[in-house]
Amino acid sequence: MLPYRLVLSPRLAVPRWLRAATLIGGIAFGLLCCAIFLIAFGVPAGDLANQFILYVFGNSAGLDQTLTRAISLVLVSLSVALCLRIRFWNIGVEGQLWMGAIGATAVSFYHIGPWFLRMPLMIVAAALGGALWCGIAAVAKIRLRADEVITTLLLNYVGYLFAQDLLYGRWRNPADQFPVSPTFPAYEQLPTFGGWHLHYGVFVAIAATVFCWWLCRYSRFGLLSQAVAENRTASRALGIPVARITLTTACLAGGLSGLAGFSIVAGEEHKLTQFVGNDFIFPSIAIAYLGRANPIGVFIAALAVAGLYTAGDSLKAFYQLPDTVVVTMEAFLLMTVAAFDVFIRYRITVLSTRPKVLRSTTTVPAQARETRA
């Protein structure tokens, strides 16, 4: 038998400093696991700081790549985070992103509106496309009690195949017959900062973060959403419109993913391609969890994960590491942060299992001592 044992006692209240310390500790331990993993693959320990800090945030090329990639990650992660706040699992950010990209491209392809209104119309079309796609899953949950994990996941494939049908059909570029849409004209492309690839879509990501933060923290809608998340049955009994809040949140979340599609086609690709909406499901869930579904936390976590991708690309180029190295490092971070949650939920006490020896503290009365004498 071990001399000590651990006792877990549920916490009734968790201070903010403990939440922050637990998150920082989980991330730090996850980065340590990543470092050990990379050293095992042959990366010199002295080069880790150069790859993860100096190249990602201290080099103009690395910083440009990190910030550009963070734009779409921020938007899709905010989409997941908004839904998590009402316990709605949005696994369909890729499908919503595809529909947003299709909506923005449709405005360009069919020349909808005058040229000076083309960019705002692309933004609106992208947001509506993503909102419609997530709204379908919300209606299925409300009316048919369908599991949103299944519906949103399956709608990913429908959105992807719809885009492929357009790219191999009516929207195929007639100039070279490749499965891409015609290139957007200059007035339909988001401007960039100087010679960088970073485009004005960063303002869309910042505005979306500020709006979601205000919505969740200060609006009446955010308060009602918190009540719905705590107990849907009690919320209905109190007269809170649970169905309306669920549908509105899903449409807002889908609109954010649609804006991510707009930022990619208008700011990076300048056309619709076959690879616009790939590899966003797992990163968006990981970022939303790392950010605790808080918009500001999601923004910071998205920057960190974007830097992780940039460092991973550098490591793959210089050390010939496999493509799965970045996904593995993401998994390390997610698992360690999830494991460290035990310190938030429970108070850990170390108790000794050794039996205590009771010592006699009784004293002999003075009269008895005299009798013995």
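Let me begin with the second largest pocket, which is lined by 28 residues; R69, N278, D279, F280 and Y309 lie nearest its centre. Please bear in mind throughout that this is a predicted model. The space in this second largest pocket comes to about 670 Å³. Which elements supply at least two residues each of its lining? They are α3, spanning residues 60-84, together with α10, α11, α12 and α13. Of these, α3 gives the most to the lining, with 7 residues.

I now turn to the largest pocket. Its volume is about 2,100 Å³. The lining of the largest pocket consists of 50 residues, and those nearest its centre are Y289, G291, R292, A293 and N294. Two or more lining residues come from each of α1 (16-40), α2 (48-57), α7 (201-217), α8 (220-230), α11, α12 (295-319), α13 (325-340) and α14 (342-345). The largest share of this lining, 11 residues, is contributed by α12. In the largest pocket the lining comprises 33 nonpolar, 8 polar and 9 charged residues.

R292 is found in the loop between α11 and α12. Its phi is near 55°, a positive value in a residue other than glycine. Is R292 buried, exposed or partly exposed? Its relative accessibility is 31%, so R292 counts as partly exposed.

A second residue with a positive phi is R145, at about 55°, and R145 is not a glycine either. R145 lies in the loop between α5 and α6. With a relative accessibility of 78%, R145 counts as exposed, because the cut-off for that class is over 50%.

D147 caps the N-terminal end of α6, with a side-chain oxygen 3.1 Å from the backbone nitrogen of V149. How far apart are the end C-alpha atoms of α6? They are 28 Å apart, which agrees with the 28 Å that the 20 residues of this helix, 148-167, should span at 1.5 Å a residue. The buried residues of α6 are E148, T151, T152, L155, N156, G159, A163, Q164, L166 and L167. These buried residues pack against α4 (93-109), α5 (118-144) and α11 (281-290).

As a general point, rolling a probe the size of a water molecule over the atoms shows where empty space is left. How many cavities of 30 Å³ or more does the structure hold? It holds 3. About 60 Å³ of space lies in the largest cavity. The residues that line the largest cavity are L82, R85, I86, L215, C216, F221, G222, S225 and T249. The elements that give two or more residues to this lining are α7 and α8, and α8 provides the largest share, 3 residues. The lining of the largest cavity divides into 5 nonpolar, 3 polar and 1 charged.

T249, which is among the lining residues of that cavity, lies in helix α10. Its relative accessibility is 3%, so T249 counts as buried. Leaving aside residues up to four places away in sequence, T249 touches L82, C83, I86, F221 and S225.

I245 also lies in helix α10, which runs over residues 242-269. At 3% relative accessibility, I245 counts as buried, because that class takes in values under 20%. What does I245 touch, not counting residues up to four places away in sequence? Its contacts are I86, F221, L224, S225, V228 and I240. The C-alpha atoms of I245 and S225 are 6.7 Å apart in space, whereas the two residues are 20 apart in sequence.

To finish, a further residue of helix α10 is S263. S263 is buried, with a relative accessible area of 1%. With residues up to four places away in sequence left out, S263 touches I71, S72, L75, L190, H199 and E268.

Thank you for your attention.

Terms used. Residues numbered from 1 in each chain as written. Predicted model: local features only at pLDDT ≥ 70, side-chain atom pairs only at ≥ 80, totals over all residues. Heavy atoms only, no water. Helix = DSSP H or I, 4+ residues; strand = E, 2+ residues; numbered from the N terminus. Expected span 1.5 Å × (residues − 1). Buried < 20%, exposed > 50% of the residue type's maximum accessible area, 1.4 Å probe, protein only. Contact = heavy atoms within 4.5 Å. Polar contact = N/O pair within 3.5 Å; in protein donor to acceptor, adjacent residues only side chain to side chain. 1 Å grid on protein atoms, 1.4 Å probe; cavity = no way out; pocket = protein on both sides within 12 Å on 5 of 7 lines; lining within 4 Å. Points joined across faces, edges and corners; volume = space filled by probe spheres on them. Nonpolar A, V, L, I, M, F, W, Y, C, P; charged D, E, K, R; others polar.
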